[in-house]
Amino acid sequence: MSVALIVKWIADDGRHDEIAEILRLMRTHTRDEPGCISYEIFRSPDDPGDFMLVEVYEDEDAIRAHTEADYFRKHVLERAIPALKTRQRSTYVPLD
């Protein structure tokens, strides 16, 4: 069963462009993952530091592989998270 992640990031002041670049890198890597169905990034037109990620994976194992990837650690855990005011993550499954 596919699994969707809806992730909201709010960047620290002055770090909006840095976060945007990290997300562009992550989009490239993540879309190449075998279990990734889609990975879309949205930015608020009213607040350049407000980002929404809509990620869909084949299953929980694909999410686990994504979060265990070296580039996830390097770009998200080590670079992005320290540059965020907030990070929210919600998981959804298809309605049957």
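How much space lies in the largest cavity? The points below answer this and then turn to a pair of helices.

1. The structure is a predicted model. Its largest cavity holds about 130 Å³ of space. With a threshold of 30 Å³ or more, the count comes to one cavity.

2. The largest cavity is lined by 13 residues, and those closest to its centre are Val-7, Glu-55, His-66, Phe-72 and Arg-87. By class, the lining consists of eight nonpolar, two polar and three charged residues.

3. Several elements contribute to this lining. At least two residues each come from strand 1 (3-11), strand 3 (50-57), helix 2 (60-68), helix 3 (70-80) and strand 4 (84-92). Strand 1 gives the largest share, three residues.

4. How are helix 1 and helix 3 arranged relative to each other? Helix 1 (residues 16-31) packs with helix 3 at an angle of about 165°, and their axes lie 10 Å apart. Angles over 145 degrees count as roughly antiparallel, and the two helices are therefore roughly antiparallel to each other. The crossing of helix 1 past helix 3 is left-handed.

5. On the side of helix 1, the contact is made by Glu-18, Ile-19, Ile-22, Leu-25, Met-26, His-29 and Thr-30. Helix 3 contributes Tyr-71, Phe-72, His-75, Val-76, Arg-79 and Ala-80. Sorted by class, this contact comprises eight nonpolar, three polar and two charged residues.

Notes:
Residues are numbered from 1 along each chain as its sequence is written. This is a predicted model: local features need pLDDT of at least 70, side-chain atom pairs count only at pLDDT 80 or more; totals for chains, interfaces and linings use all residues. Side-chain values use heavy atoms; hydrogens and water are left out. On a 1 Å grid over the protein atoms alone, a cavity is a set of points where a 1.4 Å probe fits but cannot get out, and a pocket is an open set with protein on both sides within 12 Å along at least five of seven lines; lining residues have an atom within 4 Å of a point. Grid points are joined across faces, edges and corners, and a volume is the space filled by probe spheres set on the points. Helices (H or I, at least four residues) and strands (E, at least two) are DSSP runs, numbered from the N terminus. Ala, Val, Leu, Ile, Met, Phe, Trp, Tyr, Cys and Pro count as nonpolar, Asp, Glu, Lys and Arg as charged, and the others, Gly among them, as polar. Axes are lines fitted to C-alpha atoms, for helices over the stretch in contact, and angles run from 0 to 180 degrees between N-to-C directions. Angles under 35 degrees count as roughly parallel, over 145 as roughly antiparallel, 65 to 115 as roughly perpendicular and the rest as oblique. A crossing is left-handed if the near helix is turned anticlockwise from the far one by less than a right angle, and right-handed if clockwise. Contact means heavy atoms within 4.5 Å.
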